[in-house]
Amino acid sequence: MSQRIDTQPVKGTRDVYPDDMRVRQWLFAHWRKVAAQFGFEEYDACVLESESLYVRKAGDEITGQLYNFTDKGGRQVALRPEMTPTLARMVMARGAQLAMPLRWNTIAQCFRYERMQRGRKREHFQWNMDIVGLASVAAEAELMAAQAAFLQAVGLPSAGIVFKVSHRGILQHYLQQLGIDDQRFSAVCVVIDKHDKIGPEATVQLLAEHGVDAATAQSILELMAVRGLEQLRDVVAADNPGLNDLEQLMTLAAAYGIAESITIDCSVVRGLSYYTGTVWELFDASGSVPRAVAGGGRYDGLLEHLGGTPAPMVGFGFGDVVILDVLSEHGLLPALDKGIDDVVFPLRAEVFPQAAALAQQLRGQGRHVVVDYSERRFKHIIARAEQDGAEHLYVIGPDEAARGVAKKRVVGQREESEIALPNGGTVSQE
Ligand code: HAM
């Protein structure tokens, strides 16, 4: 006998059995519906990318988590860890042919060699909405409104969610005044993003490695503690460009009806070095799952970094793992049946053709039909039809076939009626 294989999926990846697949499709349908409501077009690309697309000097964690390898043609390739660089590549490839601004969305599987924890897998799906070619924070407001619309649709109204919003421009302007040049800015952001996990001392130490002295590091930590526009106005200079953007954003958010869900929180930096403006993370306000369900930001410099013509870009990634955890915690996951309308049960093999012909006729009428060819006892057929959530059960035995009929019952009831079989129950081989 051959050796039994290991039936576990590769560590960090998920098998999706039909029950879970129905939930996944339900989630994706909500994502697609909201994207369409906001006028976004869907795009896609292959999960396999050139590794060079992810080369960044700032030390982003994501580049250390690449699933990368050399293909048989000697190319350095990687499974995409996120969709943003792919989007930038696609926009660059078409350049001026594309009518700006673009509003694009995708649901992309992404791979990251992560340390496994709750809410973190090595493979996840990410819904992305991005706007290309719009410098105004109206784009950010529109994107946040779309995120809120999705959460509302799945049962989390705006009172139950919180957008933690900050702006890289605030930090950049602040650091310029403290003498940190723009060259070191991205790397400093990547370090500061870790401060939640590693604590203030380790942050100060890591900042020192980037030439940030202790006093400056302390000022950075003070800025991180700022919450709300009022406090922000007290701490940063009035001409700070980030402050201005956030003020405008709050006005627009009020128009979208999502202002109460937004907290200005300067501890939000985000771990991706390409962000240049607004950055935000979205949480379940109850704190039942402490991880962000989504994260986004403005990255006006990415096209230029990749050697293209600069264009303003902003968007978010919304993962499937954390949101499904959150919805489960709140009892908001739907109980979805299999979508089967009718079961046709031929009692014996000799009437399989009549059953097949009836099923085809019903399918032609738009019904979802299972033919139960198992020839098991009737009670098993009924139990399975009930379990599958079917509405009608059709039974065909040799007697019925001879008379050109099938017995029909509503699943869960005993009364039966008769319906005529297609073509009077005659199935010819012609
Ligand atoms: P991100 O914050 O790295 O941003 O990921 C966005 C979301 O994807 C996270 O909030 C989380 O829901 C989910 N996610 C990320 N990594 C994992 C993982 N290992 N397991 C489960 N879920 C995960 C980005 O990826 C940016 N590219 C988003 C973006 C789009 N920015 C602008 N446009």
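A backbone N or O atom of G319 lies 3.3 Å from an oxygen atom of the ligand, in what is a predicted model. The protein covers 96% of the 660 Å² of accessible area that the ligand has on its own. Two or more residues of the shell around the ligand are given by each of the elements β6 (123-132), β10 (294-298) and β11 (313-319).

The shell counts 26 residues, of which E82, T84, K121, R270 and Y275 come nearest to the ligand, and its residues divide into 9 nonpolar, 10 polar and 7 charged.

| Residue and atom | Ligand atom | Distance |
|---|---|---|
| Y275, polar side-chain atom | nitrogen | 2.7 Å |
| K121, backbone N or O atom | nitrogen | 2.8 Å |
| G319, backbone N or O atom | oxygen | 3.3 Å |

Another part of the structure is an open sheet of 5 strands, in the order β13-β12-β14-β15-β16 and with mixed pairing. Its edge strands, β13 (369-371) and β16 (417-420), each pair on one side only, while neighbouring strands of the sheet are turned by 25° against each other on average, with direction ignored. Strand β15 (residues 405-410) runs antiparallel to β16 and is joined to that strand by 4 bridges, and V405 stands opposite A420 in β16.

Helices also meet this sheet. Helix α12 (residues 352-364) packs on the sheet and touches β12 (342-346), β13, β14 (392-396), β15 and β16, with a direction that makes about 165° with that of β12. Helix α13 (residues 378-387), in turn, lies across β12, β14 and β15 and runs at about 155° to β14.

Technical notes
Residues numbered from 1 in each chain as written. Predicted model: local features only at pLDDT ≥ 70, side-chain atom pairs only at ≥ 80, totals over all residues. Heavy atoms only, no water. Near = heavy atom within 4 Å. Polar contact = N/O pair within 3.5 Å; in protein donor to acceptor, adjacent residues only side chain to side chain. Areas by Shrake-Rupley, 256 points an atom, 1.4 Å probe, with all protein chains shown as cover. Nonpolar A, V, L, I, M, F, W, Y, C, P; charged D, E, K, R; others polar. Pairing = 2+ DSSP bridges. Axes fitted to C-alpha atoms, helices over the stretch in contact; angles between N-to-C directions. Contact = heavy atoms within 4.5 Å.
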